[in-house]
Amino acid sequence: MLRGWGDRIIQKMARPRRQETLPQRLHRRRIYVLPTRFGLFVTVLLVAMLLGALNYNNNPALLLALLLATVAVASTFAAHLQLSGLRIDAISAEPVIAGTPLRLRVSLSRNDTRPRRGLLLQHAEARAHGHLVDSDQVEVDLDLPTQQRGWLDLERIRISTTQPLGLVRAWAWVWPDTPLLVYATPELHAPALPDGAGDPLHTRVHPSGEELHQLRPYRAGDPQRSIAWKHSARRDTLLVREYEKPVGVDVLLDWWQLKSLPTETRIARLARWVDLAEREGRRYTLKLPGQPVLGPGQGNSHHHLCQRALALMPHD
């Protein structure tokens, strides 16, 4: 608890202090360096070696201690150079359903030939490693947890490294202002789509249909009343009748037709109906309060617009 409180205080004092547009390049004023636990142990050991060498006037031990101290100081500069000049080009993520991890892609690049090894990217509890050695650009994926629909508040992303010797940790913060969208969770057991309008010749397989569609082999769970006994006897195998029902192509998904349901349940049902209409290849129109009518339409762009509108509906 104290550690989390301390981290928040450090973040408020560190750069950047507000969200920023990408791309951003890490310069020396944004990079912080502190010793690791191993680095502190090595520091205590070197001090003990120096004091012992001076006390006993042991020149070889003194030379060794100074040499190791020089290596430790050089590793501090090397760790700083691992981040200096590193560029954060962009971040992106495909919208996901609330409760599903959102995969955040962070694009990193460099404008020099200096290799960057052991880069660690952290956002809250999510972390991932990346390297810039053979190529000048790399993408690192972070899986962020999602809890509710709407815009995901992106916190600071910490980029750090302990290379080359693990004696110090160099880190910098990036706070992008890129919005990330989380879709509403569809209702699990939603009823069938409302009857549509449009082409009356358009049909789909439906158990309560009137016109015979086809005969197909029996599958476990099919009702006995749908078995075609005469045809089954002729072919010496069980066959089942499938019927089709005329349905309209255009489906109206109206917020006010579900006024008896709570707000979140309405959103979940409409989200499921949007998915079903898209899956069945039917055009659909979505009507929500305070927003323009969406549709009729079909396809990935229309599906995204409808799911986005549902995700951004005001909460209760």
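I started in strand β5, where Ser 107 is the bridge partner of Ala 90. The model I am reading is predicted.

**Strands β1, β3 and β5**

I looked up the pairing around that bridge. β3 covers residues 87–92, and β5 covers residues 102–109. These two strands pair in the antiparallel sense, over 5 bridges. I then checked strand β1, residues 24–25. It is joined to β3 by 2 bridges, again antiparallel. Here I found Arg 25 opposite Arg 87 of β3.

Next I went to strand β17, residues 284–287, and strand β18, residues 294–297. They run antiparallel, with 2 bridges between them. Leu 286 has Leu 294 in β18 as its bridge partner. The two strands form a hairpin, and 6 residues lie between them. I noted Gly 290 in the turn, with a positive phi of about 75°.

**Helices α5 and α6**

I took helix α5 (residues 263–279) against helix α6 (residues 300–311). Their axes are 10 Å apart, and the packing angle is about 175°. An angle over 145 counts as roughly antiparallel, so α5 is roughly antiparallel to α6. From α5, the contact uses Ile 267, Leu 270, Ala 271, Val 274, Asp 275 and Glu 278. From α6, I listed Asn 300, His 303, Cys 306, Gln 307 and Leu 310. By class, the residues of this contact are 6 nonpolar, 3 polar and 2 charged.

**Confidence**

Last, I checked pLDDT. The chain mean is 85, and 87% of residues reach 70 or more. Over residues 203–212 the value stays under 50. The model has 30 contacts beyond four places in sequence for that stretch. Coordinates with low pLDDT should not be read in detail.

Notes:
Residues numbered from 1 in each chain as written. Predicted model: local features only at pLDDT ≥ 70, side-chain atom pairs only at ≥ 80, totals over all residues. Heavy atoms only, no water. Pairing = 2+ DSSP bridges. Helix = DSSP H or I, 4+ residues; strand = E, 2+ residues; numbered from the N terminus. pLDDT = per-residue confidence, 0-100. Contact = heavy atoms within 4.5 Å. Axes fitted to C-alpha atoms, helices over the stretch in contact; angles between N-to-C directions. Parallel < 35°, antiparallel > 145°, perpendicular 65-115°, else oblique. Nonpolar A, V, L, I, M, F, W, Y, C, P; charged D, E, K, R; others polar.
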